[in-house]
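Okay, everyone, thanks for coming. Let me put the structure up and we'll walk through a couple of helices together.

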Amino acid sequence: MRRTVPGRARAFRRRAPFRPRGPLAPYPGWRRRPVPVFLLDLDNTLYDASTHCFPGMHRHIHGFLMAELGLDLREAQEMRERYWRRYGTTLAGLMRHHRTDPVRFLEAIHPPGLADSVPPDPGLQEWLPRLPGPAYVFTNSLASHAARVLERLGVAGEIAGIFDMVHAGYGGKPDPQAYRRLLRQLRVPAWRCIFFDDSRANLRTARWLGMQTVWVHPRRRRRGQVGSPGEWRYRSGEGLNCSLET
Ligand SMILES: [Mg+2]
């Protein structure tokens, strides 16, 4: 069943400070003020990672695999794809089969310049402050990288916190443990959360845990495009078209 989220969101002032590192500040305010808690994926949800970050990140992953495991480029490409499909992240496969150090891997594939081509997003700058609850980024990358992307987009001040692979214990989405860790740190129940992601697998886990889920259509982020019946145009500007699933 699909239903529409109210379009007019009451402005919400975030209380938790922006902390790219360390444990997330819990959000106990939902008991006093029953607002939804928004959990937002980063890549291909808040910005077009396929254009701006993934090509560079894939090059760094291939370089890491070639240097660490002695593969050639083609073998490295195949391994990245295979582990990503099988385990949800390349890192999960590397840790399982090669005992790769997750910190070294994540830092190698998210160098500081990776987000330099991400442009500011006026639509997102308008949309995020209008959400009727706090917004957290829930990403399978590093918080330092996510923070740089948010700075580039011009929305770092609108995000209450970032939950990354380090917080998740290196088992990221769609592993249910990552979601449970996030809920424990925020101290909010799953049913209070609205989870946005472009990955169906990630959405399935969130739905199974009791969250409301919003599928961000990866190819419908073009300006001026209107959602088809049953879809809800979530923000203006760039036009992030979403389906709210329950
Ligand atoms: Mg994504």
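So, start with helix α3, residues 54–69, and helix α6, residues 102–109: their axes come within 8 Å and cross at roughly 135°. This is a predicted model, by the way, so keep that in mind.

Who's touching whom here? On the α3 side you've got Met-57, His-60, Ile-61 and Phe-64, and they meet Phe-105, Ala-108 and Ile-109 in α6. By type, that contact has 6 nonpolar residues, 1 polar and no charged. If you're wondering about the spacing, remember that residues three or four places apart on an α-helix point the same way, because there are 3.6 residues a turn.

Next up, α8, residues 143–153. Here 8 of the 11 residues are buried, so the helix is largely enclosed by the rest of the structure. The buried set includes Ala-146, Ala-147, Val-149 and Leu-150, and also His-145 and Arg-148. And what do the buried residues of α8 pack against? That would be α7 (122–127), β2 (135–138) and β3 (161–163).

Zooming out, then. The chain has 10 helices and 7 strands, and 41% of its 246 residues count as buried. Looking at contacts with a separation of 6 or more, 64% are between residues 24 or more positions apart.

Okay, over to you.

Note on methods. Residues are numbered from 1 along each chain as its sequence is written. This is a predicted model: local features need pLDDT of at least 70, side-chain atom pairs count only at pLDDT 80 or more; totals for chains, interfaces and linings use all residues. Helices (H or I, at least four residues) and strands (E, at least two) are DSSP runs, numbered from the N terminus. A residue is buried if 20 or more other C-beta atoms lie within 10 Å of its own, exposed if 12 or fewer, and partly exposed in between; C-beta atoms are placed from the backbone. Two residues are in contact if their C-beta atoms, placed from the backbone, lie within 7 Å. Axes are lines fitted to C-alpha atoms, for helices over the stretch in contact, and angles run from 0 to 180 degrees between N-to-C directions. Ala, Val, Leu, Ile, Met, Phe, Trp, Tyr, Cys and Pro count as nonpolar, Asp, Glu, Lys and Arg as charged, and the others, Gly among them, as polar.
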